[in-house]
Amino acid sequence: MLEAVGEVFPEAKYQRCTVHFYRNVFSVIPRSKVKLVAIMLNEIHAQESKKAAREKSKAVVEELRSMKLKEAVKKVEDGIEETLTYCDFPSEHWTRIRTNNVIERLNREIRRHICVVGCFPDGNSALMLVCARLRHVAGTQWGNKKYMNMST
């Protein structure tokens, strides 16, 4: 999917959801260390600039190494840059674009209606249901809510 977005929208920036990134890191560490690692990861994303967040991530990686959590070190090193894209935008928007909550909510709404139907005779009927749901959301008050103030 990322490759397709890059082909269609070459100037688009990719922001990985920080919540999903945290879950991926938590999947490779012992349960007893999840709270400590969560605090460390939150400290990265609490920084006031991208440069400070990168420096903090290096410190976190070193701390994870000292805790002998090799898989977590690899996941943080490989994925941290994707989670810092929001820093390229105005700070007023950071809390809104750090996660993909809006997309998750929309997917949950679509999934809820698909589960009611059960199975579809072909792909077009599934697509028609999804499009109808998207049209409904766009036409209701939920679709009219202002998510971000774009004047900044």
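By about how many helical turns are Lys74 and Asp78 separated in helix α5?

Guide: This is a predicted model, in which local features need pLDDT of at least 70, side-chain atom pairs count only at pLDDT 80 or more, and totals for chains, interfaces and linings use all residues. Residues are numbered from 1 along each chain as its sequence is written, and side-chain values use heavy atoms, with hydrogens and water left out.

Lys74 and Asp78 are separated by about one helical turn, because they stand 4 residues apart in helix α5. Helices here are DSSP runs (H or I, at least four residues), numbered from the N terminus. The side chains of Lys74 and Asp78 form a salt bridge, with N and O 3.0 Å apart; the term denotes a side-chain nitrogen of Lys or Arg within 4 Å of a carboxyl oxygen of Asp or Glu. Lys74 is partly exposed, at 47% relative accessible area, whereas Asp78 is exposed, at 52%. On this scale, buried means under 20%, exposed over 50%, and partly exposed in between (1.4 Å probe, protein chains only).

Helix α5 (residues 70-79) also has a partner, helix α4 (residues 50-66): their axes come within 8 Å and cross at roughly 165 degrees. The two helices are therefore roughly antiparallel, a term for angles over 145 degrees. Axes are lines fitted to C-alpha atoms, for helices over the stretch in contact, and angles run from 0 to 180 degrees between N-to-C directions.

Where the helices meet, Val61, Leu64 and Arg65 of α4 touch Ala72, Val73, Val76 and Glu77 of α5, contact being heavy atoms within 4.5 Å. By class, this contact has 5 nonpolar, no polar and 2 charged residues. Ala, Val, Leu, Ile, Met, Phe, Trp, Tyr, Cys and Pro count as nonpolar, Asp, Glu, Lys and Arg as charged, and the others, Gly among them, as polar.

Arg65 and Glu77 are joined by a salt bridge of 2.8 Å, N to O. Since Arg65 belongs to helix α4 and Glu77 to helix α5, the pair ties together parts that are 12 residues apart in sequence. Arg65 is partly exposed, with a relative accessible area of 41%, and Glu77 counts as partly exposed at 41%.

Definitions and conventions
Parallel < 35°, antiparallel > 145°, perpendicular 65-115°, else oblique.
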